[in-house]
Amino acid sequence: MKTIGITGGVGAGKSTVLSYMQSRLGACVIEADKIGHLVMEPDGSCYDRIIELFGKDVIKSDKTIDRKRVSDVVFSNGEMLAALNGIIHPAVKEYIRRRLEEEKSCGRQLAVVEAALLLEDHYEVFCDEIWYIHTDQEIRIQRLMASRGYTRARAEKIIHNQASEEFFRAHADYVIENNGDLIRTHEQIEEGIRRNETL
């Protein structure tokens, strides 16, 4: 099984790439952010430890964790953010590792792992290749303003706080330009797979 790690800044359109790889190429798509939500569920591996860290105030009436309340706390508290990440990130990585083993044993040919901090958290240990999804900054800002209702200032701040273009390119095996031409984006995905087959 070939495992490709997908990374890129917020607003780069990674979901567009993932959707194509899942629907057209039969890839198993694993998104770290979604796994992060799963491990916080009442039956998830991180549930009790998060309540221990934040207190029972973060428990909603349906017993789930109020992620917005948690987010509000860590937004202005670096120590709490580090503590939260120390609980969630190892659990997410372990979940993904097990899932990849399951998919491989079932005969899956292609798996894709997407994580915002794919490189920083060393997800490359699972991956045969790292693909970086590049989108021009102005397009990313416009996407964030349209899809999430962010102000320009907030979008710019979030982008500024993420890893640099140079960092992504230095660690990527393949780069996809995703500035809005879907046909071209899909062509680059196919090129990446063909390139993969000849490596």
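Visitor: Let's start with lysine 63: where is it found?
Guide: Helices and strands here are DSSP runs numbered from the N terminus, a helix being H or I with at least four residues and a strand E with at least two. In those terms, lysine 63 is found in the loop between α3 and α4 (67–75).

Visitor: Before we go on, what sort of model is this?
Guide: Residues are numbered from 1 along each chain as its sequence is written, and side-chain values use heavy atoms, with hydrogens and water left out. Local features need pLDDT of at least 70, side-chain atom pairs count only at pLDDT 80 or more, and totals for chains, interfaces and linings use all residues, since this is a predicted model.

Visitor: Back to lysine 63: is it buried or exposed?
Guide: Buried means under 20% relative accessible area, exposed means over 50%, and partly exposed is in between (1.4 Å probe, protein chains only). Phi of lysine 63 is near 80 degrees, a positive value in a residue other than glycine. With a relative accessible area of 54%, lysine 63 is exposed.

Visitor: And what is the relative accessibility of histidine 122?
Guide: Histidine 122 sits in the loop between β3 (110–114) and β4 (129–134). Its phi is positive, about 60 degrees, although histidine 122 is not a glycine. Histidine 122 counts as partly exposed, because its relative accessibility is 45%.

Visitor: Now some helices: how are α3 and α5 oriented to each other?
Guide: Two packed helices are described by the angle between their axes and the distance between the axes. Axes are lines fitted to C-alpha atoms, for helices over the stretch in contact, and angles run from 0 to 180 degrees between N-to-C directions. Helix α3 (residues 47–54) and helix α5 (residues 78–105) pack at about 170 degrees, with axes 10 Å apart. Angles under 35 degrees count as roughly parallel, over 145 as roughly antiparallel, 65 to 115 as roughly perpendicular and the rest as oblique, so α3 and α5 are roughly antiparallel.

Visitor: Which residues of α5 does α3 meet?
Guide: Contact means heavy atoms within 4.5 Å. From α3, the residues taking part are Arg49, Ile50, Leu53 and Phe54. Their partners in α5 are Met80, Ala83, Leu84, Ile87 and Ile88.

Visitor: How many nonpolar residues does that contact of α3 with α5 have?
Guide: Ala, Val, Leu, Ile, Met, Phe, Trp, Tyr, Cys and Pro count as nonpolar, Asp, Glu, Lys and Arg as charged, and the others, Gly among them, as polar. In the contact of α3 with α5 there are no polar residues and one charged residue. The nonpolar count is eight.

Visitor: How far apart are the axes of α4 and α5?
Guide: In this pair, Val70, Val73 and Val74 of α4 meet Met80, Leu81 and Leu84 of α5. The residues of this contact divide into six nonpolar, no polar and no charged. α4 and α5 pack at an angle of about 130 degrees, and their axes are separated by 6 Å.

Visitor: What about α6 and α7: what is their angle?
Guide: Helix α6 (residues 137–148) and helix α7 (residues 152–160) have axes 9 Å apart. The two are oblique to each other. Their angle is about 125 degrees.

Visitor: Which residues does valine 10 contact, leaving aside neighbours within four places in sequence?
Guide: Valine 10 has its place in the loop between β1 (2–7) and α1 (14–25). At 11% relative accessibility, valine 10 counts as buried. Its contacts beyond those neighbours are Arg140, Leu144, Arg148, Ile158, Ile159 and Gln162.

Visitor: How far is isoleucine 176 from tryptophan 131, by C-alpha atoms?
Guide: Isoleucine 176 lies in strand β5 (residues 174–177) and counts as buried at 0% relative accessibility. Among the residues isoleucine 176 touches are Val17, Trp131 and Ile189. Isoleucine 176 and tryptophan 131 are 45 residues apart along the chain, yet their C-alpha atoms are separated by 7.2 Å.

Visitor: Last one: which cysteine has the sulfur nearest to that of cysteine 106?
Guide: A disulfide is a pair of cysteine sulfur atoms within 2.5 Å, and a search of the whole structure finds zero disulfides. Cysteine 106 counts as exposed, at 68% relative accessibility. The nearest cysteine sulfur to cysteine 106 is 9.7 Å away, and it belongs to cysteine 28.
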